[in-house]
Amino acid sequence: MMKKYWPKVFSVGSPAIYRIIVFGHADADLSDELGGMQMTPARSDDGSETMTLVGRVADQGALIGVLNALYSMRMPVLSVECLEVEGS
């Protein structure tokens, strides 16, 4: 497994690229409510649906806004991963 190296300066105000995986499906027109994140649906062999969201958030406050929007839509969050911190 490749080891990630994080920048020495990373704060709650740092812009970053995140990947969020949720259980279920959302319409692409909800992208604006989800911070403009790119939405990719997937279906497993057992028929269950997941949605992968990838995009830039301005800071962790904006990330919380996306997570709150998912909560309001009743979409269970399976994972949240920081892929890249901008400026690193």
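User: What makes the contact of glutamate 86 with arginine 56 a salt bridge?

Analyst: In this predicted model, the closest N and O atoms of glutamate 86 and arginine 56 are 2.8 Å apart, and because a salt bridge requires a side-chain nitrogen of Lys or Arg within 4 Å of a carboxyl oxygen of Asp or Glu, the pair qualifies. The pair links distant parts of the chain, since glutamate 86 lies in the segment after β4 and arginine 56 in strand β3, 30 residues apart; strands here are DSSP runs of E with at least two residues, numbered from the N terminus. Residues are numbered from 1 along each chain as its sequence is written, and side-chain values use heavy atoms, without hydrogens or water. As the model is predicted, local features need pLDDT of at least 70 and side-chain atom pairs count only at pLDDT 80 or more, while totals for chains, interfaces and linings use all residues.

User: Why is arginine 56 called partly exposed?

Analyst: Arginine 56 has a relative accessible area of 44%, and because buried means under 20%, exposed over 50% and partly exposed in between (1.4 Å probe, protein chains only), arginine 56 is partly exposed. By the same rule, glutamate 86, at 30%, is partly exposed as well.

User: How many salt bridges does a search of the whole structure find?

Analyst: The search finds three. One of them joins arginine 19 to glutamate 81, with the closest N and O atoms 2.7 Å apart. That pair also links distant parts of the chain, arginine 19 being in strand β1 and glutamate 81 in strand β4 (residues 77-85), 62 residues apart. The side chains of arginine 43 and glutamate 49 also meet in a salt bridge, at 2.7 Å from N to O; there arginine 43 is exposed because its relative accessible area is 57%, whereas glutamate 49, at 26%, is partly exposed.

User: How do you know that β2 and β3 pair?

Analyst: Two strands pair if DSSP finds at least two bridges between them, and β2 and β3 (residues 49-57) have six, in the antiparallel sense. For example, methionine 39 has leucine 53 in β3 as its bridge partner. The hairpin of β2 and β3 has five residues between the strands, and there glycine 47 takes a positive phi near 90 degrees.

User: Why is aspartate 32 called exposed?

Analyst: Aspartate 32, found in the loop between β1 and β2, is called exposed because its relative accessible area is 71%, which lies above the 50% limit. Aspartate 27, in the loop between β1 (16-23) and β2 (38-43), is partly exposed at 47%.

Key
Helices (H or I, at least four residues) and strands (E, at least two) are DSSP runs, numbered from the N terminus.
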